[in-house]
Amino acid sequence: MEAFTIHTGRAVPLRRSDVDTDQIIPSEWLKRIERTGFGAGLFSEWRADPSFVLNDPAHAGASILLAGPDFGTGSSREHAVWALQDYGFRAVLSPRFADIFRGNALGNGLLPVVLPADIVEALTAAVEADPATEITVDLEAREVRGAGQIVGFDLDDFTRWRLMEGLDDVGLTLRHEDRITAFEAERAAWLPTTV
Amino acid sequence: MGRTLAEKVWDAHVVRRADGEPDLLYIDLHLVHEVTSPQAFEALRLAGRPVRRPDLTLATEDHNVPTVDTLLPIADPVSRAQVEALRKNCAEFGVRLFPMNDPGQGIVHVVGPQLGLSEPGMTIVCGDSHTSTHGAFGALAFGIGTSQVEHVLATQTLPQRRPKTMAVTVQGELPAGVTAKDLILAVIARIGTGGGAGYVIEYRGEAVRALSMEGRMTVCNMSIEAGARAGMIAPDETTFEYLKGRPNAPTGADWDAAVAYWRTLATDSDAVFDHEVVIDAPSLSPYVTWGTNPGQAAPLSSAVPDPAGYVDPAARASVERALAYMDLTPGAPLTDVAVDTVFIGSCTNGRLSDLRDAADVLRGRQVADGLRVLVVPGSMEVKAQAEAEGLDEVFRASGADWRSAGCSMCLGMNPDTLRPGERSASTSNRNFEGRQGPGGRTHLVSPAVAAATAVTGRLTAPADL
C-alpha cells in the first residue's frame, strides 16, 4: 500500500450526508474480480446527472473529498475505497464515518479524516467559492490546513505509523504467528469446524 | 466490575494485546461468498500464502446467483466469471463450498445458523456487512472488507480496536401483529443510521427474550443499518433449543460442556454499558421506510413526513432529497402508497418463519392485478422445508412467484431487479437509492406487511385486510 505522510490538493465539495457505499460504487460493479479500474464506477448513478459536483470541470483533478456526516454507511464493499482511490482521491474529510468503511480506507491508505462539522462546512464553503483552494492533510502532524483553517484530527499512533510506513496488516500479524499457534492449541475441542 | 456479553466474547479471543495497538482477535468462523473474496484469494496467491484454517472457513454462492433456471449456466458473463472464480479459489485453497443447486447452498447468513456453525461466544466474520446476523446467538459477528478477508484467510485473526458497548433494552411485550422487523426498523429510526457507529449493540429486555431465534437474527441482521458493526443477544434456552441436533452443533459431553460455557456469557448484573437506549415495545406497530436510508422509517399508520417539520437545515435537505427520489408527497398517508413489486426474502427475512408469516397472509387470497411478487427462500434448505409444508403451493396459488435461493432483489446483482421508477415493498434491509436496481424505489417492511401489500397493491398491514 502507498504510504501517506502529507498530501496537498484541491477538493470536491459533496454536500450530502449518509452517503452509502451503494452510491459510492453500485452493486453492478461488484461483479468484477479485479482490484483496479473501479474509478469509472465511482458515484456512477449520480454522475449520470450533468449537474453533479464531480462533473464540474472546476473540480477536475481534485484529490480530497469533503463529505457530510455518516460517509460510507451500508455494505462492507471495499470496492468503495478502491473506487475513490482509483478516481484519484487520497483523503476523505467528514464529521463521521461508518466503521467498516473507515477500516477499509485505513487498510488501503485512503485517509478518512474526522473533522468537526463546522470545519467541514467552512472548508466546503471555501472550495465552493474558489475551486482552486488547496487543502493540506498532514498525517505526520495530524493536522488539516487550508482556507484559513488549521485543525488537528485524531488518529492513534499505531495506525498513523502503519500508514506512514505503508505497511499492510498481514505482514505485521504474521510476525506474531507463534502467538496464534499457541492460542489455537488452547481452543475448546467442541468448537465447530466446517469440514 | 462486571463485563458485558460483548466484552466477554472479545476478551476470550485476544491472541495478542500491546499498548497502543489494536487487539489481535482470533476468528472462530470465516464465511465467504463470491463478491468480496476474489481479490483476497488473488492476494494470497501472489504472496504464496495458504489459507491457514480451511476447516474454519466456509463458502457459498449467493449474491450473483439467478433464482430461476438455476440448472443453466449463469447468463451474465461477468457474474458467471465471479462465481467460477470462487469455485476455482475454493478448490485451490481447500475451502468447502456450497455451489448453486447444492442442497446446502443459500445466503451466507442463513447457511451458517442452519448448520449450527454459528454458536454462542464465537467470533464470526464475513466480507458482508450483514454478518451481524450471527450475533443473535451471542456470537461477536461483524462484516469486513476484502483486505480483512485476505487477512483472516492468511492468519485466522484480525487486528481490531475494542468497540464501545450499547444496550438497546426493549421493555414489555410486542403487540400482536408486530414483528422483529418492525422492532428493528423502530430502533434504527430512533438512533439513526450513524447512532451505533463505534458500538456493539446488545439487545435486551422482555420483548427480545420473547423473540424466536429467527426473529433475533432479523434484529441483529440490521444492526449495521444503525451504524453498529455487530449486534448481540445473550444466549438462553431459545438459543440452545435451536442449536441442539444441528449438523455442526456439539453432541454428548461436548454439548454439555458447551452449554455450561454459553451460560456464563450473559452480561453481568453490575456491568456498565457506554450508552443505553430504552424502547417501549407496547407502543410499537408495523413500520415501513419512506426514505432512502433505513433510519427514515415510520409507523405504517402514519403519513409521509413534511420536511418543513425539521429544524436542522441538513436534516431537512436530506428529507427533501429522499422524498424527491421516492416521489412521495408530504402528509400523504403511507397506506396510500402503491407498489409495483413485492420482494419477500434476503438474509433479513428469508428464513422459514418469515415465509410462514407471509404465507399465512396470502393463504386463500390473491395478489393484486399487475403486481410482481417474488418469494425467494434464504437457502435451499429453507426452500425444501417450505415445500414440505406446502408453502410454495400457497404462494403459487396466490399468484406469487416461488424462486430458488439467493440474495436476489435485495441488491439486484442477479437478474431480479427493479426497473427505473418502479416501487417495491421489500423484506430486505436497505432502501438506498438504486439498491434494488437503478432508479428503483424501496420500502422496507416485514414479511407480513409485504404479503398484505401484495394483496392490495398498496402498503398495507395484515390487520387492515
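Guide: This is a predicted model. Let us begin with the second largest pocket, whose lining by class has 12 nonpolar, 8 polar and 7 charged residues.

Visitor: How much space lies in the second largest pocket, and which residues are the closest to its centre?

Guide: The second largest pocket holds about 580 Å³ of space. Of its 27 lining residues, Arg15(A), Arg16(A), Ser17(A), Gly68(A) and Ala314(B) are the closest to the centre.

Visitor: Which helices and strands supply at least two residues each of that lining?

Guide: In chain A they are strand S2 (64-67) and helix H5 (117-129), and in chain B helix H11 (313-326). H11(B) gives the most, with 5 residues.

Visitor: What makes Arg52(B) and Glu177(A) a salt bridge?

Guide: The closest N and O atoms of Arg52(B) and Glu177(A) are 2.9 Å apart. The rule asks for a side-chain nitrogen of Lys or Arg within 4 Å of a carboxyl oxygen of Asp or Glu, so the pair qualifies. The count between chain B and chain A is 7 salt bridges.

Visitor: Which helix provides the largest share of the side of chain B that touches chain A?

Guide: Helix H5 (residues 146-155) of chain B does, with 7 residues. By class, that side of chain B has 31 nonpolar, 29 polar and 20 charged residues.

Visitor: How many residues are in contact, and how much area do chain B and chain A bury between them?

Guide: In contact are 80 residues of chain B and 54 residues of chain A. The two chains bury about 5200 Å² between them, with 55% of it on carbon and sulfur atoms.

Terms used
Residues numbered from 1 in each chain as written. Chains lettered and ligands numbered in written order. Predicted model: local features only at pLDDT ≥ 70, side-chain atom pairs only at ≥ 80, totals over all residues. Heavy atoms only, no water. 1 Å grid on protein atoms, 1.4 Å probe; cavity = no way out; pocket = protein on both sides within 12 Å on 5 of 7 lines; lining within 4 Å. Points joined across faces, edges and corners; volume = space filled by probe spheres on them. Helix = DSSP H or I, 4+ residues; strand = E, 2+ residues; numbered from the N terminus. Nonpolar A, V, L, I, M, F, W, Y, C, P; charged D, E, K, R; others polar. Contact = heavy atoms within 4.5 Å. Buried area = accessible area lost by both parts, 1.4 Å probe.
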